[in-house]
Amino acid sequence: MAEMAQNGKADNILLDVKGLKKYFPIQKGLLRKVVGYVKAVDDVSLYVREGETLGLVGESGCGKTTASRSIIRLYEPTAGQVLFKSRVLSPDGQPRMVNLLELDRDQMTKVRQEISMIFQDPINSLNPRMTVADIIAEPMVIHGKYEKGRSEEIIVNLLERVGLRADHLRRYPHEFSGGQRQRIGIARALALNPRLVLCDEPVSALDVSIQAQTLNLLQDLQKDFNLSYLFVAHDLSVVQHISDRVAVMYVGKVAEMASAEELYANPLHPYTEALLSAVPKPDPLYKSERIIMQGDVADPSNPPSGCYFHPRCRYAIDRCKIEAPAFRELKPDHWVACHRAEELQLKGI
Amino acid sequence: METLFPETRATTTALPTDARPTLLEVRDLKVEFNIRGGVVKAVDGLTFDIRRGQTVGIIGESGCGKSVTARAILRMVPKPGKITGGEILYYRYSRYPNKEGKTKDIEVIDMTKLDPDGELVRQIRGGEIAMIFQEPMSSLTPVYTAGAHLNEAITLHRLLPVKKLGDQMVEKIMQYRPVTKEEAREIAIQMLRRVGIPKPEQRVDSYPHQLSGGQRQRVRIAIALSTEPYMLIADEPTTALDVSIEAQILDIMRELQQTANMAIMFITHNLGVIASMADEIVVMYMGKQVERAKVVDLFYNPKHPYTKALLQSVPKLGPKTGARLASIEGMVPDPLHLPTGCVFHPRCPAFMAGKCDKLVPNWTEVGQNHWVRCLLYEE
């Protein structure tokens, strides 16, 4: 990891996650004895540069949501480092790298002004008993930044910025459609002027036309507010569209990370290749050459030996069964965890 | 699967899909929901047909009436919905040889005229026309009330949590096919194998909660197909699943369609999935059919502005362009207060003032088998 700084990774890193682990204990019996662990996130390393979008993709249960929640310590990580360039914690206001996992409760609360979240479910992530104005004001109230008058102005501006109207302020979430509710969630996420937004499947519950509107909005907001996104999603087309770089997760580990163009055109990990081949293309004349992955996704409480992907990998050799591959930078800014990455000629899109 | 229908199945598979005999004909179907605030026209004048072995895709956004259409065909429209007009003609082939050894008699049944709880509907529903619905996130909550309230509509697409998979399948197969219990169990195991469940001989004796979500959905498909239906209605069957499992399930459906000449009505909002599955596509917006065409025509030569916008609003894999997505302005209108004229006019980029907001467009044929409901194409 030490040489990481010299290679393709430039110095404008906003979030640098190193060796993040989150194990959930499996408890059994009367005494709740711990009999094992679900290794939901198992040694994840990734980074997000300022003003860019890192897409995090993977199949359900691969740990992408757990990883994003562990970053902001909604789940307490088991091990690792989460370095974040914080302004609020720096005495002179100059951004400085801090390890979020070493912060105490008060400091963590402060940092959360700079990192906000947008959730998948636009229905359950808004309190049905609060008006839109209250929902968007809540982060400001929590952080003691709410001032009558000035904050109300900010809220109206935000609401208009996300495409809603000032007369929506006194309404309740149930009066809105799914797409509008997601816009309320986005406005709330921006209330404290964050620098990093963790978006957890923000468009997967929306219809295609609304999805397009929301993706465009997220891109516009990114430019206007110089936001960085960690964009968690399972839809590879959406992720390609919105991301500058993409990380692919498989059973708690990052299999590959590269720029969106590079990853989709020249994948280096067999899992990425198989995943790309399985995406249905909106073109009836496209003849797919789908790669069939044998078996099911590995069980994170009892993962296979060696490379977790080897039982389903069509290129697996004996070494893959024994030795877990290291996550290494094979080309500048193109990271992969596969023993055979150099020799394989994989097909992208 | 192949063994039981020696004659009725195999004869037509060689024909192109639009030359095959008709299986289902929907004519000017109307479904209304009489709710407190007024009447919602959930389906308003839908016309299409499905031929044997053909896949017809129905696409549209939530609330456009695609699922209500599926339920109307099976006479399962939930209350207070009612079929208020039109016909659903089902060309029923006698399934098993009668006394004279004939299998080819065709009986035309208007589904809209049947008693929704009657014997005939129940024979057709689930047996001859099977269905798979979206994997419900909470499919294991045993919320059903047992006994009289457990209507067929639920047993058909929910797995009962308290019963072994094999027993559920055997029961279903024996209900619709003249086989013994042992044969039914054998068919159940074969079907589980075909949908890619590992170790089906053992899995057949497991309970639904012992399977993963993807496996449960595959089991549902196995159950739906184990009765050898003439037609499968698949309502968002893969929406909650990962791409790799989705691809597997679509493969299975295509394969069974080939071997059993089964028609599929495929409802989805995923344009990628529909492009690879359908022969013909119906596009719906606010209960109305706005366009109908063969799949290639629809994707390469869409006519209706809504279809065009829908196709442009999905991100496509491939070289990155960095362009913004085309999105449809505004929102879906309130179904109780539909816009006048063409229902799409407030959001339409090709809106013609004084025309689109006044006149209701007609269903016009603009090319071979290519129909559209838009004033741009009327004289």
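Before the sheet itself, two definitions: two strands pair if DSSP finds at least two bridges between them, and the helices (H or I, at least four residues) and strands (E, at least two) are DSSP runs, numbered from the N terminus. Please keep in mind that this is a predicted model, in which local features need pLDDT of at least 70 and side-chain atom pairs count only at pLDDT 80 or more, while totals for chains, interfaces and linings use all residues. Residues are numbered from 1 along each chain as its sequence is written, and chains are lettered from A and ligands numbered from 1 in the order in which they are written.

With that said, chain A has an open sheet of 8 strands, in the order β6-β7-β8-β3-β9-β10-β12-β11, with mixed pairing. At the edges stand β6 and β11 (328–331) of chain A, each with a single partner strand, so one side of each has no neighbour in the sheet. From one strand to the next the twist averages 20 degrees, where axes are lines fitted to C-alpha atoms, for helices over the stretch in contact, and angles run from 0 to 180 degrees between N-to-C directions.

Let me take strand β7 of chain A, residues 196–200, and its partners. Strand β6 (residues 115–118) of chain A pairs with β7(A) in the parallel sense over 4 bridges, and there Ile118(A) stands opposite Cys199(A). β7(A) is also joined by 5 bridges to strand β8 (residues 228–233) of chain A, again running parallel, with Cys199(A) opposite Phe231(A).

Is β7(A) mostly covered or mostly uncovered? The strand is mostly covered, since 5 of its 5 residues are buried; a residue is buried if 20 or more other C-beta atoms lie within 10 Å of its own, exposed if 12 or fewer, and partly exposed in between, with C-beta atoms placed from the backbone. Both faces are covered, with Leu196(A), Leu198(A) and Asp200(A) buried on one side and Val197(A) and Cys199(A) buried on the other.

Further along the order, strand β9 (residues 245–250) and strand β10 (residues 253–259) of chain A run antiparallel and are joined by 6 bridges, and Ala247(A) stands opposite Met257(A) in that pairing.

Turning to helices, the axes of α3 (residues 132–142) and α4 (residues 150–161) of chain A come within 10 Å and cross at roughly 120 degrees. The two are therefore oblique to each other, given that angles under 35 degrees count as roughly parallel, over 145 as roughly antiparallel, 65 to 115 as roughly perpendicular and the rest as oblique. In α3(A), Ala133(A), Ile136(A), Ala137(A) and Met140(A) meet Ser151(A), Ile155(A), Leu158(A) and Leu159(A) in α4(A), where contact requires C-beta atoms, placed from the backbone, to lie within 7 Å. By class, this contact has 7 nonpolar, 1 polar and no charged residues; Ala, Val, Leu, Ile, Met, Phe, Trp, Tyr, Cys and Pro count as nonpolar, Asp, Glu, Lys and Arg as charged, and the others, Gly among them, as polar.

How many residues of chain A are in contact with chain B? There are 34 from chain A, against 33 residues of chain B. On the chain A side, the elements giving two or more residues are α6 (208–225), α7 (236–242), α8 (260–265) and α9 (270–278), and α6(A) provides the largest share, 6 residues. That side divides into 17 nonpolar, 10 polar and 7 charged residues.

Chain B has 11 helices and 12 strands, and buried residues make up 46% of its 379 residues. Strand β10 (residues 288–294) of chain B is mostly covered, with 7 of its 7 residues buried. β9(B) and β10(B) form a hairpin with 2 residues between them, and Met286(B) in the turn has a positive phi of about 50 degrees.

Finally, some backbone details. Most residues other than glycine have a negative phi, and most peptide bonds are trans. Asp43(A), although not a glycine, has a positive phi of about 70 degrees, and this residue lies in strand β2 (residues 33–49) of chain A. In chain B, the peptide bond from Lys79(B) to Pro80(B) is cis, with omega near 0 degrees, and Pro80(B) is found in the loop between α1 (66–73) and β4 (81–93).

Notes
Contact = placed C-beta atoms within 7 Å.
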